[in-house]
Amino acid sequence: MSETTGASHAAASYKTAGVDIEAGDRAVELMKEWVKKTQRPEVLGGLGGFAGLFDASALKRYERPLLASATDGVGTKVDLARQLGVYDTIGHDLVAMVMDDIVVCGAEPLFMTDYICVGKVHPERVAAIVKGIAEGCVLAGCALVGGETAEHPGLLGPDDFDVAGAGTGVVEADRLLGPDRIRTGDAVVAMASSGLHSNGYSLVRHVLFDRAELKLDQHVAEFGRTLGEELLEPTKIYSLDCLALTRTTDVHAYSHITGGGLAANLARVIPDGLHAIVDRGTWTPAPVFDLVGTTGRVDRLELEKTLNMGVGMIAIVPEESADAALATLADRGVEAWVAGEITDRGAHETGAALIGDYAPR
């Protein structure tokens, strides 16, 4: 390199390449108070180590402990959070997507780690995201034992970000829930979703913004709030409610209703030879589902295989336990109802099916 060429460039550094280590350190300091709120007695140490530590001797009380693990993200819902500048709710979605998968098998959530990828570290913004994750962990009963914030200049814009997380839970082997427990005549108990949750947002965004050109800040009378506020409603975290239900009721299985919709996710826990029948007439989906369907002229079957349609979690219990299950959930403030039953499967039937029409509003 010639002297002239070399003199025309300032010395390179990680910061001039787009990565600000000091901003990252500031973000860690801001998030520490929120992470501390999630601690369980089994957690050792704090933020700053290379690995989160969890005292596994706590599992000695189990005869045969099975560890349950799950990982997930929030999808394109993060883009709406970015546009609205609201960063302290998306973490609830992340915890729900991970820990509500773990509780499906009857496992108690133990701990979680997160991964936040940003185009540029804005310390207060990252701390707000972690605040939401920490609050979600409290609602799920698990500890946030660590995570990673990565700055990716050149790959993401300065305001772009994404989140992902992984969690671990534990269940006694002889209390593992699933298809083996389900019997003909069992009741299908539905638990209401808080809205769209965190699935199907690619369809939602395409319909409402690309096609209908709606605005996030416009008020929608049916919602009683703005469109953006409705779309950012956090995913309900059912973990502790499901654990409470397993303590009071003979639960046979759970199904977390996420991508793929109610029928497809319910079919995942139905054993060969049996069939789940769910009656749409037992509930009325929230207005947001109708808005997506009518605005985009989306076929009902397409909606049902993309969105949760108002049901976020299913519990399958013996018919004689249904009333007790509903009472337990009501005591915990969870809207729930008997939505169907388990029957013998006919030769032409799949594992789960929706019948009838939704109850009118």
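## Second largest pocket

The lining of the second largest pocket divides into six nonpolar, three polar and eight charged residues. This is a predicted model. The pocket holds about 380 Å³ of space. Its lining counts 17 residues. Nearest the centre of the pocket lie Gly106, Val171, Arg175, Leu243 and Thr246.

## Helices H3 and H6

Helix H3 spans residues 77-84, and helix H6 spans residues 201-211. Their axes come within 9 Å. The crossing angle is roughly 50°. H3 is therefore oblique to H6.

On the H3 side, Lys77, Asp79 and Leu80 make the contact. On the H6 side, Tyr201, Arg205 and Phe209 make it. By class, the residues of this contact divide into three nonpolar and three charged, with no polar residue.

## Confidence

The protein chain averages a pLDDT of 90. A score of at least 70 is reached by 88% of the residues.

Terms used: Residues numbered from 1 in each chain as written. Predicted model: local features only at pLDDT ≥ 70, side-chain atom pairs only at ≥ 80, totals over all residues. Heavy atoms only, no water. pLDDT = per-residue confidence, 0-100. Axes fitted to C-alpha atoms, helices over the stretch in contact; angles between N-to-C directions. Helix = DSSP H or I, 4+ residues; strand = E, 2+ residues; numbered from the N terminus. Parallel < 35°, antiparallel > 145°, perpendicular 65-115°, else oblique. Contact = heavy atoms within 4.5 Å. Nonpolar A, V, L, I, M, F, W, Y, C, P; charged D, E, K, R; others polar. 1 Å grid on protein atoms, 1.4 Å probe; cavity = no way out; pocket = protein on both sides within 12 Å on 5 of 7 lines; lining within 4 Å. Points joined across faces, edges and corners; volume = space filled by probe spheres on them.
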